Amino acid sequence: MNFGIQAFRGMRNDINKRLPFYVADWTIDAWNYRIIPATVYMYFANVLPAIAFALDMFSKTENSYGVNEVLLASVLGAILFSVFAGQPLCIVGVTGPISVFNNTVYEIITPRGTPYFAFMCWICLWSMVMHFAIAITNGVNGPRYITRFSCDIFGFYVAFIYLQKGIQALTRQFGRSDIEAFISIMVALLVLIFGYICHIIGDDSPLFWRPVRRFLADYGTPLVVIFFTGFIHIGKLRDYDIQTLPTGASFRPTASGTPTRPHGWLIHFWEGISVGDVFLAIPFAVLMTILFYFDHNVSSLICQGKEFPLKKPAAFHWDFFLLGVSTGIAGILGIPAPNGLIPQAPFHTISLCVVNHEKTDDVIGDSQNGSKQSKPLIEDVIEQRVSNFMHGLLILGTMSGPLLIVLGLVPQAVLAGLFWIMGLTALEGNGVVLKIYYLCKDRALTSPNEPLHRVRLRSIYLFVAIELIAFGGTFAITQTIAAVGFPAILLLFAAFATALPRIFEKDELNVLDEATASELTMASVTGNGNARGTRSGMSSVVNVVDSDVGSPRRREEFELQEWDWRQNGTFDGDGIEGAGTNRRRRVSRPY
């Protein structure tokens, strides 16, 4: 049956081109030391912020959601996407935006006497159907229009949400004694200072021996969290009641056996809710679908950014279908629906990078007085499924009794410091911040190779102003009862990006608003297998993901063409020239 839309084509292409790599994702490509630090880091970077969102929803939904619900949602996302997703590098869990959404729905719906969990289940079920419809009809082609403009604004917003949550975690201490509030603030600042120092040293510092720097980059933040968790239990600090993370019974819903949630892990969505409320859930489901369409795809794009030399194809259509499955399951279980995480998703890719320390010099300043600065080169990324899967198993283990007790020892002040670390590190590489930093820099001490030199200052100021206005509108609406509609704001400024060519010159816009991901990644976006070029100059990659890519001969052609493009800047038969990275990379042959 054909209604003008070749149904399932995008999903079929995603499966055909990703399936040949599946066995290697678990075996050959997973046999690398980088898996261990990536797993440990993602466990701490996911589980502690998830608990903070649980505390937020716990207080704003009258104990409806708790730690176990959020942990189970993170486990669901990690296991489902590590095993079945086309892009297992994308970390899926509970985000700040979905916690805002859940809180706002509670404020709107409970005064009407509608059972909250039944209503949320219907929202998730309707949203699941919408996810399926979008994926089946090849509707996940919107990311081809998502450039750095949208990603940077959303990343900027999420980073500020993390900074805000850190402050909110500390404000809970102010109702206690002055000395306890002071200790909490100092612990949070110390976690931030030491954690950020580990990040700076491990990132690109000349200090210490290289293995020491690598160790601090891999394990510095988890060790800081562990140390300051024990710090408040040492000496006279034991005499003060420093607020820690609240936990519940192992593997049990927070509100089980109460009027709020009488049905345990299975929500009886067919009981106690009127037909009118079932259909009232549809507009809320539309907003959730818009949020996930934008949030998840942006997370997936950023974790597959051009700065990462990925060699395996993406799978946007199939992954969005799979996100619909997890959304429906989350509604039936009565847990927050998981989706792609920022900044955890790109952090996961970064933690899996293999760095070449044979550095290339970048001259800063004039030729007579310029100093030289060098940066390590990302040579490869360990693309596999094990780190995502293992970090999900660790979170599942956290729901057990003994580990919940240990988790209950973590001070909320440590959580605040971790939020600040993640927020600041996310801002570091954000395009909005980098442009503001450029505007504040001394031009004489700026590299002559800086691309922004080719853009007029007034254009940079205008572009940054537009980004800040878009961020301000998104952040402002989430602070009101209208927060449930903020997904529409995200969609609005993503659509506004298509009007930027009318405001800025093409050459300037290619610098200000470049493509987010490489042609190899974007080739899977369109349902017909072609990644049409955007205004940033992306060339069309034709015949790379045709429906016959699954055949051995076609896969070999694709592999040789990709090798040629990566090595020489050409893509045989497709007219791409000068697009190569001029860096040799081994193309995995798992079949």
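User: In which helix is Ser351 found?

Analyst: The model is predicted. In it, Ser351 belongs to helix H12, which covers residues 344-351.

User: Why is Ser351 called buried?

Analyst: The term buried applies under 20% relative accessible area. Ser351 has a relative accessibility of 11%, and therefore counts as buried.

User: What makes the pairing of the Ser351 side chain with the backbone oxygen of His348 a polar contact?

Analyst: A polar atom of the Ser351 side chain lies 2.6 Å from the backbone oxygen of His348. The cut-off for a pair of N or O atoms is 3.5 Å, so this distance falls within it. Leaving out residues up to four places away in sequence, Ser351 also touches Arg34 and Ala38.

User: How do you know that Arg18 is buried?

Analyst: Arg18 is found in helix H1, residues 9-18. Its relative accessibility is 4%; the limit for buried is under 20%, so Arg18 qualifies. Beyond its neighbours within four places in sequence, Arg18 is in contact with Asp25, Gly86, Gln87, Pro88, Lys312, Pro313 and Arg385.

User: How much of the protein chain is buried?

Analyst: Of the 591 residues in the protein chain, 57% are buried. The chain has 21 helices and 6 strands.

User: What makes a group of residues a nonpolar core, and which residues have the most contacts inside the largest one?

Analyst: Such a core joins buried residues of the nonpolar kinds through side-chain atoms within 4.5 Å. The largest has 140 residues, and Leu48, Val105 and Ile123 have the most contacts inside it. Helix H3, residues 35-60, contributes the largest share of this core, 14 residues. A second, separate core has 14 residues, among them Phe308, Ala345, Leu352 and Cys353.

User: How are helix H16 and helix H17 placed relative to each other?

Analyst: The axes of H16 (residues 431-440) and H17 (residues 457-477) come within 10 Å and cross at roughly 145°. H16 passes H17 in a left-handed crossing.

User: Which residues meet there, and how do they divide by kind?

Analyst: From H16, Val432, Lys435, Ile436, Tyr438 and Leu439 take part; the residues they meet in H17 include Leu457, Ile460, Phe463 and Glu467. The residues of this contact divide into 10 nonpolar, no polar and 2 charged. Lys and Glu count as charged, so Lys435 and Glu467 belong to the charged group.

Notes:
Residues numbered from 1 in each chain as written. Predicted model: local features only at pLDDT ≥ 70, side-chain atom pairs only at ≥ 80, totals over all residues. Heavy atoms only, no water. Axes fitted to C-alpha atoms, helices over the stretch in contact; angles between N-to-C directions. Helix = DSSP H or I, 4+ residues; strand = E, 2+ residues; numbered from the N terminus. Left-handed = near helix turned anticlockwise from the far one by under 90°. Contact = heavy atoms within 4.5 Å. Buried < 20%, exposed > 50% of the residue type's maximum accessible area, 1.4 Å probe, protein only. Polar contact = N/O pair within 3.5 Å; in protein donor to acceptor, adjacent residues only side chain to side chain.
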